[in-house]
Amino acid sequence: MLALDVVLSRGPFTLSAKAAIGPGVTGICGPSGAGKSTLLSLIAGLLKPQRGSLHFGNDCLVDVDRGRFVPPWQRHFGLVFQDGQLFPHLSVRDNLLYGWKQLAPDARRFTLDQVAALLEIDGLLARRPLQLSGGERQRVALGRALLYSPRLLLLDEPLSSLDERLKQQILPFLKRIKTETGVPMIYVSHSRAEVDYLADRVLTVDAGRLSE
Amino acid sequence: MTLTPDEWQALLLSAKVASCATLICLPAGIALAWLLVRREFPGKLLVDALVQLPMVLPPVVPGYLLLLLLGTQGPVGGWLQAQFGIVLAFTWKGAVLASAVMAFPLMVQPVRLAFRMIDRRLEHAASTLGATPWRVFLSVTLPLALPGIIAGAMLCFSRSLGEFGATMAFVGNIPGETRTLPLAIYSYTHLPDGEAAALRLTLLSIALAFAALIASHLITHRTERLLGQLEPRGRDAGA
């Protein structure tokens, strides 16, 4: 599904990753500073590698030798950040629909009602992000990425800003997304327990190297 | 307090000139502030200094330079007149330009600060949700910078209302054409029995500037509250 073979250097840090990632949920584990978030940014298109290539199915997203780079807004991957990154000037409803509105109507796989019910955020739609608790915020961020009907959902430590009790409340929602939507996911976390709970396979990043 | 027709004329002209100057500075200021915050380009430092220059120069200097450049005998002014029939020197349009040049730094600074405060990751989030860079700018960057943009526009407007030196040097002091409030006050102080009129217009100027500053403060405050920038971040209670 996703084939990557990339090298990215930023100052003294070098990330080199070569892997073929299949459908289902792929967990990526590793200590902080190992390059996990950098790897996700590369896949999302927020960073350009210096060397290598990235393919999604038959779709070539990056090929440095051929000068090809597909920008993030054309990749159709969803990315959920650590702290949600909800738009503070928009209501929860408008946050949820932000990516959905960019899609052609026949490309929309889910409706607002479906996603709001799945993540139990139906009651929050009129609120502003600052009126949400941390757990609510992350569920809205998940919903926003999901409503964009991504071909691949990238999750960058989506639970790390939450306490243990909240994590236990959100993990089942992630499992639900996996079983009920079938959207392939790459789940990055430094917590092996979270990854084991969700993932079908686990890769490890350590000191900028990705391995199985 | 009643105003004479001449005083009304000065007041309305001031309002017209300041509004037009603000409308010119607004898009230009937003574009330049964005470039200065988000892009690296050769000569950036020079552009930055050049924009700030009118703030630290005696206002008569930029005014005189405008006259040299854009006067009907000047290289640009002569061309404008020959090609398009546009005359700026000694017209109200020239007064707009003089005000705009002088007020521009006051527009750029708050907008620039506002752009700098925006979390880039919000823009990244928008781009991973399928938004093109232009759409990201319109739907995320610009609304989040709105308090700074409003503050800049208000400062720009107030500064334009008070413009004196550059206007005087570039477009002179022509009643009904370029005699704005400050110039009218100046003229009245030179008339034997102009003191009452000068005082009326002085009080009016103070009231206008005061109102603009208060309005700017209120609107900025309101917008910030709407954007949630005044409340503490990271409230993590319950799911």
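**Basis of the entries**

I note that this is a predicted model, in which local features need pLDDT of at least 70, side-chain atom pairs count only at pLDDT 80 or more, and totals for chains, interfaces and linings use all residues. Residues are numbered from 1 along each chain as its sequence is written, chains are lettered from A and ligands numbered from 1 in the order in which they are written, and side-chain values use heavy atoms, with hydrogens and water left out.

**Chain B as a whole**

I counted 11 helices and zero strands in chain B; helices (H or I, at least four residues) and strands (E, at least two) are DSSP runs, numbered from the N terminus. Of its 239 residues, 45% count as buried. I recorded a box of roughly 75 × 45 × 30 Å for the C-alpha atoms of chain B, taken along the principal axes. The accessible surface of chain B is about 12,400 Å², and 70% of this belongs to carbon and sulfur atoms; the areas come from the Shrake-Rupley method with a 1.4 Å probe, and for residues only the protein chains shown count as cover. Among contacts in chain B with a separation of 6 or more, 72% join residues 24 or more positions apart, where contact means heavy atoms within 4.5 Å.

I placed Gln52(B) in helix α2 (residues 44-56) of chain B. Neighbours within four places in sequence aside, Gln52(B) is in contact with Pro105(B), Gln109(B) and Arg112(B).

I then turned to Gly74(B), which is buried with a relative accessible area of 7%. Residues up to four places away in sequence not being counted, Gly74(B) touches Leu68(B) and Leu69(B). From Gly74(B) to Val56(B) I noted 25 Å, C-alpha to C-alpha, for 18 residues in sequence.

**Surface patch**

I found a nonpolar surface patch of about 440 Å², made by Val60(B), Val61(B), Tyr64(B), Leu65(B) and Leu68(B). Patches are made of residues with over 30% relative accessible area and no salt bridge, like charges being joined within 9 Å and nonpolar side chains (Val, Leu, Ile, Met, Phe, Trp, Tyr) within 5 Å. A salt bridge is a side-chain nitrogen of Lys or Arg within 4 Å of a carboxyl oxygen of Asp or Glu. Tyr64(B) is found in helix α3 (residues 60-70) of chain B and is partly exposed, at 48% relative accessible area.

**Nonpolar cores**

I looked up the nonpolar cores, each a set of buried Ala, Val, Leu, Ile, Met, Phe, Trp, Tyr and Cys residues joined through side-chain atoms within 4.5 Å. The largest has 79 residues, and Ile43(A) is one of the residues touching the most other members. Helix α5 (residues 92-117) of chain B gives the largest share of this core, 12 residues. A second, separate core of 39 residues includes Val115(A) and Leu174(A).

**Cysteines**

How many disulfides are there over all chains? I found zero, a disulfide being a pair of cysteine sulfur atoms within 2.5 Å. For Cys20(B), the nearest cysteine sulfur is that of Cys25(B), 11 Å away. Cys156(B) is buried, at 0% relative accessible area, whereas Cys20(B) is partly exposed, at 25%.

How values were computed
Buried < 20%, exposed > 50% of the residue type's maximum accessible area, 1.4 Å probe, protein only.
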